[in-house]
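Keep the viewer open as you read.

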Amino acid sequence: MGDPGESPSPWSPHGSPPTLSILTLLLLLCGHAYSQCKILRCNAEYVSSTLSLRGGGSPGALRGGGRGGGVGSSGLCRALRSYALCTRRTARTCRGDLAFHSAVHGIEDLMIQHNCSRQGPTAPPPPRGPVFPGAGPIRASGSPAPDPCDYEGRFSRLHRQPPGFLHCASFGDPHVRTFHHHFHTCRVQGAWPLLDNDFLFVQATSSPVASGANATTTRKLTIIFKNMQECIDQKVYQAEVDNLPAAFEDGSINGGDRPGGSSLSIRTANPGSHVEIRAAYIGTTIIIRQTAGQLSFSIRVAEDVARAFSADQDLQLCVGGCPPSQRLSRSVRSRRGTITMDAARQLCKEGLPVEDAYFHSCVFDVVISGDPNFTVAAQAALEDARAFLPDLEKLHLFPSDAGVPLSSATLLAPLLSGLFVLWLCIQ
């Protein structure tokens, strides 16, 4: 997806197995499927159960166990057995479904590659969102109940440890940093979901930077905070270029009249160019900025909130990055613009001294747009990451670790993206 330094594409001979690429192509050409077949739910559960095995996107997270051994391999085998069990349960309604049979063969291949036995433990069910009072250990008599609209406090009380958090950002062309530290440059023209889970929906709408150009920039952001028990009414926030309001669509600046309404708030750090939304009831903070005629989005969100989605919510740029057809290379050597690559590098170097993914994204944007103000977007995205990332060792991403790791859990990625397109065909 346009990694700085061009890591191998899943479609290249050095990426996924050729059989999976062929299967994915067949899926893309397929025009129908049996609507009662539940293979998409199996796919989503497999992806969810392997998120923790990826170690937050580290390329070695699943390779550490090697072939047939180690913690990563053991966890993968459990996930594959669960995946296989799910396909068996839906086999009757999936007869003749190409997507189903392709998934079955893909599972068999991976189980053979990693010496996974067919009998053994399976992966636990995927997490379904924040833990609410009453779902954890019984409290001692007389102790006060946790505030249901204070996610961090509630989680810490119930689990005796602080919650984990994830970070995602979209800026510039747009460049997307996913929850798992993959860094992609996307064309994604039109409306695309950055997030779509049980608590939060974020959609970015992009258009070309110039007539006929592949590169796009985000011109509109729509954020929906979904109705949640006694905490908040549903709230919608919409921002467009040159219109960055410091209030929700209904004119309010909080979650409404419910007891926990103050757990959702909005404020502006710099009117017209910087808005911050805090959603304490789901452990989430969002920053929206306008620079150089485009909108940037940055989020810090609780892990189990980010993972609370079902099979029909599986297209999220913050989770899986850009689909293969929407990826762009960040190479600018052959591009011609009003600003040369050397001049762009010098401009970006002033605020981004480390030549990481943010630096290369900055160079790309300045060369493509011819606007030196794009340096500010990359600099702000880096500062947001510095504030939001729980592990600052992952702040700077480089060519070796900014792309999707070609590890065992991601070998089915091309197949699953094909299945998603197939699902679109039957809607």
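Start at Thr222, which is buried, with a relative accessible area of 11%; buried here means under 20% relative accessible area, exposed over 50% and partly exposed in between, using a 1.4 Å probe and protein chains only. Thr222 sits in strand β6, residues 216-225. Helices (H or I, at least four residues) and strands (E, at least two) are DSSP runs, numbered from the N terminus. Before going on, note that this is a predicted model, in which local features need pLDDT of at least 70 and side-chain atom pairs count only at pLDDT 80 or more, while totals for chains, interfaces and linings use all residues. Residues are numbered from 1 along each chain as its sequence is written, and side-chain values use heavy atoms, with hydrogens and water left out.

So who surrounds Thr222? Setting aside neighbours within four places in sequence, Thr222 is in contact with Phe201, Val202, Gln203, Val236, Tyr237 and Gln238, where contact means heavy atoms within 4.5 Å. With Gln238 there is also a side-chain polar contact of 3.5 Å; that term covers a pair of N or O atoms within 3.5 Å, where within protein one must be able to donate a hydrogen and the other to accept it, and residues adjacent in sequence count only if both atoms are side-chain atoms. Ala204, 18 residues away in sequence, has its C-alpha 6.6 Å from that of Thr222.

Besides Thr222, Tyr237 touches residues including Leu221, Phe248, Ile266 and Ile288. Tyr237 is also among the residues with the most contacts inside the largest nonpolar core, along with Phe179, Phe225 and Tyr281; this core has 50 residues. A nonpolar core is a set of buried Ala, Val, Leu, Ile, Met, Phe, Trp, Tyr and Cys residues joined through side-chain atoms within 4.5 Å. Strand β11 (residues 294-302) supplies the largest share of this core, five residues. Apart from it lies another core of 22 residues, Ile339 and Leu397 among them.

Now look at Phe179, in the loop between β2 and β3. Phe179 is buried, with a relative accessible area of 2%. Among the residues that Phe179 touches are Leu166, Leu195, Ile299 and Val319. Gly320 is 141 residues away along the chain, yet its C-alpha and that of Phe179 are separated by 8.4 Å.

Ten of its 13 residues are buried, so α9 is largely enclosed by the rest of the structure. The buried residues pack against β1, β2, β3, α8 (341-351) and α10 (374-388). After α9 comes Gly370, whose phi is positive, near 75 degrees.

Stepping back, the protein chain has eleven helices and eleven strands, and buried residues make up 51% of its 427 residues.
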